[in-house]
Amino acid sequence: MAQIVLDRLAARFTGGEILAAGTAHGDEWARIRRDAWVPVATFLRDDPATKMEMFIDLTCVDRFGAGGPGAAAPDAPRFDVVVHLYSVSLKHRVRLYGGAPEEDPTIDTLIPVWEGANWFEREAYDLYGVRFKGHPDLRRILMYPEFVGHPLRKDYPKEKRQPLVRRNAGKLE
Amino acid sequence: MGALDWFTTKLTDATNWARKFSLFQYPFVTACCGMEFMSVAAPKYDIARFGAEFPRFSPRQADLLIIVGTITERQGPALRRIYDQMCEPKWVIAFGVCASTGGFYQNYSTMPGADQVVPVDVYIPGCPPRPEQVLDGLILLQERIQRGEGHNQVAIRIDNGYDVPLAAIRPIGSKAETG
């Protein structure tokens with residue numbers, strides 16, 4: 001489908017920035033070295049052969065001990081930041097993975113490339129605790145500020161509630 | 001319990017009769033149950049037949065809080081504040097299983113029932129409940145109002161010095177001792 005995108009990436013980034021690439025279910029994906037995250041995104045947006053004008057989605061995966069597609073399992077980073085891109089004019093799409101290890105879960109923000117990444121990165125920070133370097137307003141977006149921890153991490157107990165308010169059971173009201 | 005505590009004047013009866021047929025509802029609609037709530041309010045099922053005609057979108061003008069849909073922990077303070085703003089006496093209906101128990105959500109974000117935060121008089125199960133169930137729940141609430149046994153009605157009586165033991169309050173729907 002969009003092999004042209006992977007070809008362009010391989011031709012432009014020859015210094016090992018593209019850690020792995022492939023096709024799954026008819027869609028192309030590429031695993032990007034963390035320090036090349038923003039340059040690769042900028043290139044995909046600006047290159048006339050890829051023209052990824054549209055930022056579709058940004059989310060995160062907590063591998064928690066398992067390796068992702070193309071990752072060498074033992075030393076694979078715990079978190080994968082996943083970005084879906086689409087070219088409206090050329091009608092092709094690609095999926096990018098950027099690894100963020102557990103001891104330093106950070107990655108550069110994509111806001112300078114696509115403004116729309118702002119709230120998506122806040123969501124990924126809120127639910128997974130991945131920090132986006134350079135984000136102007138990295139606050140929680142779904143959970144409340146008093147919430148401790150990041151609920152979609154695999155080691156967060158899924159039923160652990162952190163109530164803001166409860167009624168006094170002994171009191172009539 | 002003293003016999004005087006159960007002495008109910010004809011005036012209270014009349015007041016409660018008026019209250020049960022002029023419920024001003026505040027619909028706290030958060031989720032898909034809202035569609036069914038609209039159906040209840042629309043002409044086909046017509047909640048107006050029971051006097052609960054006007055949705056008031058200010059809690060200060062309402063005396064029936066209808067909690068329609070999933071309540072998250074984050075919404076808890078807002079829900080409690082709305083309840084506190086309502087004029088007494090006031091009643092609460094939990095509309096659907098999510099508002100009653102949390103429903104099928106069992107996770108970090110969903111409150112396991114709105115009664116964690118506000119006292120609920122009538123629970124209507126269903127996902128969502130049929131309009132007939134809602135009307136049935138409303139009729140149960142009306143009976144409860146007539147008997148003066150809403151949570152808030154009891155609290156007011158106790159605040160005024162009429163101490164009614166909680167055990168004396170019959171479960172909702174038991175009609176054996178009415179009259």
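Trainee: Which pattern does chain A follow along the sequence?

Mentor: This is a predicted model, in which local features need pLDDT of at least 70, side-chain atom pairs count only at pLDDT 80 or more, and totals for chains, interfaces and linings use all residues. Residues are numbered from 1 along each chain as its sequence is written, while chains are lettered from A and ligands numbered from 1 in the order in which they are written. Chain A has three helices and seven strands, where helices (H or I, at least four residues) and strands (E, at least two) are DSSP runs numbered from the N terminus. Read along the sequence, they give α-β-β-α-β-β-β-β-α-β.

Trainee: How are α1(B) and α5(B) oriented to each other?

Mentor: The axes of α1 (residues 10-20) and α5 (residues 131-147) of chain B come within 8 Å and cross at roughly 160°, an axis being a line fitted to C-alpha atoms, for helices over the stretch in contact, with angles from 0 to 180 degrees between N-to-C directions. Angles under 35 degrees count as roughly parallel, over 145 as roughly antiparallel, 65 to 115 as roughly perpendicular and the rest as oblique. The crossing angle therefore makes α1(B) and α5(B) roughly antiparallel.

Trainee: Which residues of α5(B) make the contact with α1(B)?

Mentor: Two residues are in contact if their C-beta atoms, placed from the backbone, lie within 7 Å. From α1(B) come Asn16(B), Trp17(B), Arg19(B) and Lys20(B), and from α5(B) come Gln142(B), Ile145(B) and Gln146(B).

Trainee: Is Val120(B) buried or partly exposed?

Mentor: Val120(B) sits in the loop between α4 (97-101) and β4 (122-124) of chain B, and, leaving aside residues up to four places away in sequence, Val120(B) touches Val92(B), Ala94(B), Ala114(B) and Asp115(B). A residue is buried if 20 or more other C-beta atoms, placed from the backbone, lie within 10 Å of its own, exposed if 12 or fewer, and partly exposed in between. Because Val120(B) has 19 C-beta neighbours inside 10 Å, Val120(B) counts as partly exposed.

Trainee: Which helix gives the most to the side of chain B that touches chain A?

Mentor: Contact between the chains involves 17 residues of chain B and 14 residues of chain A. On the chain B side, α3 (76-85) and α6 (151-159) each supply at least two residues. With five residues, the helix that gives the most to this side is α6(B).
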